[in-house]
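Reader: I am new to this structure. Please take me through it in short steps.

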Amino acid sequence: MMAEEEGPPVELRQRKKPKSSENKESAKGEKISDIPIPERAPKHVLFQRFAKIFIGCLAAVTSGMMYALYLSAYHERKFWFSNRQELEREITFQGDSAIYYSYYKDMLKAPSFERGVYELTHNNKTVSLKTINAVQQMSLYPELIASVLYQATGSKEIIEPVYFYIGIVFGLQGIYVTALFVTSWLMSGTWLAGMLTVAWFIINRVDTTRIEYSIPLRENWALPYFACQIAALTGYLKSNLNTYGERFCYLLMSASTYTFMMMWEYSHYLLFLQAISLFLLDIFSVEQSDKVYEVYKIYIFSLFLGYLLQFENPALLVSPLLSLVAALMLAKCLQLNVKKGSFVAKIIKVINFYLVCTLTITLNIIMKMFVPHKENGHMLKFLEVKFGLNMTKNFTMNWLLCQESLQAPSQDFFLRLTQSSLLPFYILVLIICFLSMLQVIFRRINGKSLKETVTLEDGRIGERPEIIYHVIHTILLGSLAMVIEGLKYIWIPYVCMLAAFGVCSPELWMTLFKWLRLRTVHPILLALILSMAVPTIIGLSLWKEFFPRLMTELMELQEFYDPDTVELMTWIKRQAPVAAVFAGSPQLMGAIKLCTGWMVTSLPLYNDDDLLKRNENIYQIYSKRSAEDIYKILTSYKANYLIVEDAICNEVGPIRGCRVKDLLDIANGHMVCEEGDKLTYSKYGRFCHEVKINYSPYVNYFTRVYWNRSYFVYKINTVISFQS
């Protein structure tokens, strides 16, 4: 006991030697610090860190490259792409994807880049009687970049334009997977989480990406940059990040945020949700306030630069993102001189939340009053009808509501996620992180101080700011995905990332054991074992069950066979006059624009009110309207040829009220939609049926010039000769 008591005083006496020997002791201290034994430990630790980072980076890059090669091989097998003629290849681009790729072709045909951009920004060769700025309206920056790269790299002599284009998109998908890998690695501390993220992403690719169905979609170009932005933001929010790492994350975040905003017209809505998540993080985590406001500055800069380079796009000025960030900046001025942790600061936090919400709405209303805008007005009407706030018989609104991607998720969606074990583990991880986050919030409210550095033994995963951000963000995205299934392609990749991070994180298991008060086994040891064992078991089970399926898909040689469409496009290119204008369904018009270059009356785009009205008017060819009415509609758009599709005219859909002809009958009052509706009987038959019979008065207005099993082409007569 005496020896134990004398220990500390001896140490104190050694540290506080007489001043005469102070220099000797300092010299001795310097010698001690130079002893090789302490040096070996840092070198050993540095080597371990380097090896870990090197292996992790190698695994991340390899995962991205393998996924890009997998997509390329699967695309080749699915469409037998290399054995097709150019026309057959282009037909695989359907709907709005065909429009995007057609402008890429136009840029390659242009005599110079400047001339090509001018023709796209003053385009009057796509839609009849309409000059559009295609670059702004359709966000054609990916096509501009791809065309420049194709010509600048001298790829013309090496690779065909279509392979270069899809190769870039597949490469971006590889970057997408790599970014998700890095995000889960940053959160969990082990690259094993990244491997599991990639495995879940590929296995659930039906719900994680639409790359298989439509390659040129804007989201396929944009979401990889958003994934990079989230990876950089995750690293930037970490508490133990050094200065150089913080600076790198900030620069990467700035570049990816701006690029993401330029690639997709709806990107600012997604960044708005992210800004809400960061705002709530700022409320719950005082230490990260400065970093959060640095991210707000990135939003402001990206919006300003995007506004200038997107031809002064008014949609960015009236976006909720700008209103929210401006409100947050104004509200911050009220908190500058308030001491953190004081009672006044807590009161101001509550006032601040109310103030930000009020200012955001007020600023957005003011901006819409002074900035003329038409973009995305139909989205608000759609949301009103979607949530039952309004009822409508409008064809466009009801047609959008009938789209599978805009409906609530089906049971098959949840069944697929459960079979791959993703959903159960995601729910487990989310619950633990969310409850731990609430625990931290209650500690703050009660005035308890939090540790500056949280250790594994503490079991407080909810104190980490990057975890708080991801929990809030995934809840927001998930809530929207439960209403609109199309948003699952944004949400599910982060479900993969969050679930993989959780099962591979010892800190999460330790948090759970702290709550369970586990005493029989050492909790830290058990947490470390489970963080390795659980993902290994999951990985082996996924490999055994799903890897053979993936290999079977790559081995099966599928064939995309659509001879009727090929025959139609061939006839148009050979027989139709160059100045002809075609009318038909918007989806078919996109294919005609790509495959033939002929002018059309409408496009499969839903961000322009005039185009939406055109689509509704042209669709009247499948309604119960007179030949004269249809003739007047078509000639008002200067159409020369009309194409009737048998698949739409004789459509037998699973949901009767969602067929095009049913929606038209509801809009025209020819079908009862609800009780109390007035039914107006039409004395005319369905136009698409009647025009095929070739009797008066239909034959007076329209002359059939071509037909096959799927399409009927009619020339719209310029001189009407009535026959008896």
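Reader: What share of the contacts with a separation of 6 or more comes from residues 24 or more positions apart?

Author: This is a predicted model. Contacts in the chain with a separation of 6 or more are the ones counted here. Residues 24 or more positions apart account for 72%.

Reader: How many helices and strands does the chain have?

Author: The chain has 724 residues, and 49% of them count as buried. Its elements are 34 helices and five strands.

Reader: Which are the edge strands of the sheet?

Author: The five strands form an open sheet with mixed pairing. Their order is β2-β1-β3-β5-β4. An edge strand pairs on one side only, and that picks out β2 (599-600) and β4 (702-707).

Reader: Which residue in β2 stands opposite V581?

Author: Strand β1 covers residues 581-583. Two bridges join β1 to β2, and the two run parallel. Opposite V581 stands M599.

Reader: At about what angle does helix α28 run to β3?

Author: Helix α28 spans residues 586-595. It lies across β1, β2, β3 (641-645) and β5 (711-716). Its angle to β3 is about 125°.

Reader: Is F434 buried, partly exposed or exposed?

Author: F434 sits in helix α22. Its relative accessible area is 30%. Buried means under 20% and exposed means over 50%. F434 therefore counts as partly exposed.

Methods: Residues are numbered from 1 along each chain as its sequence is written. This is a predicted model: local features need pLDDT of at least 70, side-chain atom pairs count only at pLDDT 80 or more; totals for chains, interfaces and linings use all residues. Side-chain values use heavy atoms; hydrogens and water are left out. Two strands pair if DSSP finds at least two bridges between them. Helices (H or I, at least four residues) and strands (E, at least two) are DSSP runs, numbered from the N terminus. Contact means heavy atoms within 4.5 Å. Axes are lines fitted to C-alpha atoms, for helices over the stretch in contact, and angles run from 0 to 180 degrees between N-to-C directions. Buried means under 20% relative accessible area, exposed over 50%, partly exposed in between (1.4 Å probe, protein chains only).
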